[in-house]
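User: Hey, could you walk me through the pockets in this one? Start with whatever terms I need.
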Amino acid sequence: MSKIKYIVAVMLVFSTFLLQAQRQKGYAVTGTDKTEIISMISEKSASVTSMQCSFKQEKFVSVLAESSVSEGVMYYQYPDRLHWEYNSPKYSAFILNGDAMCYESDNSRKKMDAARNKSMSEMIKLIASSLNGSGFSGNENFRVDVFKNESSYCVVLSPLKKNMRNFMSEMAVFLNQNYLAESIEMTDANGDITVITISTCKVNIDIPSEVFNIE
């Protein structure tokens with residue numbers, strides 16, 4: 001096989017691999033139907049004060065033949081507390097508490113100022129608000145598109161700010177019939193795809209305050 005044919009074959013394999021990672025969004029919803037769906041999602045999110053979910057994260061990179069898989073747990077408390085923890089294949093965690101943020105691993109813990117790490121902070125907050133749908137209404141930083149299929153809804157957020165477009169081209173949030181996220185697909189600026197699948201989600205439970213401790 002010539003070098004050119006080999007490169008083309010590899011590109012086709014990678015393209016198929018990435019397409020298989022993407023879930024079908026359904027048909028586009030516009031006009032008053034779109035407004036009503038976003039309104040229903042916002043109404044549901046207003047009743048969510050805390051969440052605890054398990055998740056599986058798969059990263060599909062165009063230059064790799066296999067996806068990388070991580071698993072963990074997420075804790076959220078209204079309005080601005082988030083603990084995003086990976087426990088497999090190794091431990092690490094992002095913790096957001098108001099304007100303070102930290103990253104920790106098995107060997108270190110680094111406190112950060114969310115204001116000075118604005119892009120990272122916005123991304124973490126976006127994921128948190130997407131889980132309960134609170135980030136879909138009145139969000140001036142993203143174009144919001146709504147899709148619907150037989151059993152679920154999909155809300156696609158496309159960043160309008162340049163600093164966010166440097167991180168991702170879009171985020172597709174798939175919601176179940178209760179308007180809670182069941183999976184999130186983030187497409188990076190370079191076309192790589194991250195799929196987060198949510199499971200065993202518990203809503204409005206007591207979460208110990210030390211879970212969000214960043215000291």
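This is a predicted model: local features need pLDDT of at least 70, side-chain atom pairs count only at pLDDT 80 or more; totals for chains, interfaces and linings use all residues.

User: Which element gives the second largest pocket the largest share of its lining?
Analyst: Helix 3, with five residues. Helix 2 (31-46) and strand 4 also supply at least two residues each.

User: Which residues lie nearest its centre?
Analyst: P79, K125, L126, S129 and S134, out of 21 lining residues. Here a pocket is an open set of points on a 1 Å grid over the protein atoms alone, where a 1.4 Å probe fits, with protein on both sides within 12 Å along at least five of seven lines; lining residues have an atom within 4 Å of a point.

User: And the largest pocket, what's its volume?
Analyst: About 470 Å³, counted as the space filled by probe spheres set on grid points joined across faces, edges and corners. Y86, F94, M123, I127 and M186 are the closest to its centre, among 17 lining residues. Helix 3 (118-132) is one of the elements that each supply at least two lining residues, and its four are the largest share.

User: Switching topic, how many helices and strands overall?
Analyst: Four helices and twelve strands.

How values were computed: Residues are numbered from 1 along each chain as its sequence is written. Side-chain values use heavy atoms; hydrogens and water are left out.
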